[in-house]
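I'd like to walk you through one model, so let me put it up on the screen.

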Amino acid sequence: MMEARFYEKKKDQQVHCLLCNHHCLIKEGKRGLCGVRENREGRLYSLVYARPIATHVDPIEKKPLFHFLPGSRSFSLATAGCNFRCLFCQNADISQLPQDQEKIPGEEVPPEDIVAAARQAGCQSIAYTYTEPTIFFEYAQDIAILAEAQGLKNVFVTNGYMSTEALQSIHPLLHGANVDLKAFRETFYHKQCGAKLAPVLKTLKTMKGMGVWLEITTLIIPTLNDSKEELRELATFILQELGPETPWHISRFHPTFRLTDLPVTPVSTLQQAWEIGREVGLHYVYTGNVPGDRGEKTYCHQCNRLLLDRFGFTILKNELDQGGCPQCRQPLAGVGLF
Ligand code: SF4
């Protein structure tokens, strides 16, 4: 068990966790909202350090990161736990586990073994994903230090709820991130996720300022976040605050976990969102969970030539010439494109 980073001691053996924007005040013997940080005799401990519950070798496109080492493998890992309570969570079996269980599951795997496994599998990056990497921050940070020293990149797939202090501490090691921008309304974050929108927007702007490569994902859920007005506002935020080169992944909802009374997102809604993103001025808008859709492919934003042809997470053809368009020479924004 590892003592937590980012907390301060308070009176009566209470601790104040500073890792994420929930800022839990935790009494002795209790856990924070994420269920994996526990106060023992006035000290805060991570219960998930070196205890991954899932490890897989994935295509980087599955994160999704479409402009980051395209076609490469990413060693992907998660521990149990999450600081959000999304009613539509696709990984609720592992993200919400600690709420139900006294003992945190996961096998003992030290950071050096993760990096060795990543190298052995021919991965070019390590992805902290499936659940929220913020809640296993100490583990992620120690892996990231070793990974970078051995030439691997680090990417977070995150809800963006980490504190600025935590972000500043890991940012030199963080090369890319896919951040969920789940909606553009505080009420959505409050009712559907048990969180707030404003800290997520702040994290996005801070990451951009730090030079972390950013891609954004929005799961479009019928009736909850699919109005044209909201999607236009969200896309405009990406354009104005993060830049037109920031890829926006709009993804198809399937009923799951506690949100089973809504239909699958119609493909026409995703196409409408795609149009809105392009009208607003974003260069790269992608549709997700619709294999074979035109919105899976990367086109040159200047001359519209097909640059990266994909089906699902597979790259069928890479036409990039030195990281740019072979026709008009416009560079493609991203990391490790040639
Ligand atoms: S990381 Fe967990 S304990 Fe810390 S503030 Fe966030 S939810 Fe609370």
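Let's start with two helices: α7 passes α8 in a right-handed crossing. Please keep in mind that this is a predicted model. Helix α7 covers residues 198-210 and helix α8 covers residues 228-242. Their axes come within 10 Å and cross at roughly 35°.

Who makes the contact? On the α7 side you'll find Leu 201, Leu 204, Lys 205 and Lys 208, and α8 brings Phe 237, Glu 241 and Leu 242. Sorted by class, that contact has 4 nonpolar residues, 3 charged ones and no polar ones.

Now, on to the ligand. Where does the ligand sit? It sits in the largest cavity. Cysteines and histidines turn up around the ligand, including Cys 17, Cys 20, Cys 24 and Cys 34, along with His 22 and His 23. Leu 19, Ile 26, Gly 32, Leu 33, Arg 37 and Asn 83 are also around the ligand. By class, this shell divides into 7 nonpolar, 4 polar and 1 charged.

Last, two backbone details. Most peptide bonds are trans, and most residues other than glycine have a negative phi. With that in mind, look at the peptide bond from Lys 63 to Pro 64: that bond is cis, with omega near -10°. Pro 64 lies in the loop between β7 (54-59) and β8 (73-78).

Then there's Gln 13, which has a positive phi of about 60° although it is not a glycine. You'll find Gln 13 in the loop between β2 (7-9) and β3 (15-17).

Methods:
Residues are numbered from 1 along each chain as its sequence is written. This is a predicted model: local features need pLDDT of at least 70, side-chain atom pairs count only at pLDDT 80 or more; totals for chains, interfaces and linings use all residues. Side-chain values use heavy atoms; hydrogens and water are left out. Axes are lines fitted to C-alpha atoms, for helices over the stretch in contact, and angles run from 0 to 180 degrees between N-to-C directions. Helices (H or I, at least four residues) and strands (E, at least two) are DSSP runs, numbered from the N terminus. A crossing is left-handed if the near helix is turned anticlockwise from the far one by less than a right angle, and right-handed if clockwise. Contact means heavy atoms within 4.5 Å. Ala, Val, Leu, Ile, Met, Phe, Trp, Tyr, Cys and Pro count as nonpolar, Asp, Glu, Lys and Arg as charged, and the others, Gly among them, as polar. A residue is near a molecule or strand if one of its heavy atoms lies within 4 Å of it. On a 1 Å grid over the protein atoms alone, a cavity is a set of points where a 1.4 Å probe fits but cannot get out, and a pocket is an open set with protein on both sides within 12 Å along at least five of seven lines; lining residues have an atom within 4 Å of a point. A molecule sits in a cavity or pocket if more than half of its atoms lie within 2 Å of its grid points.
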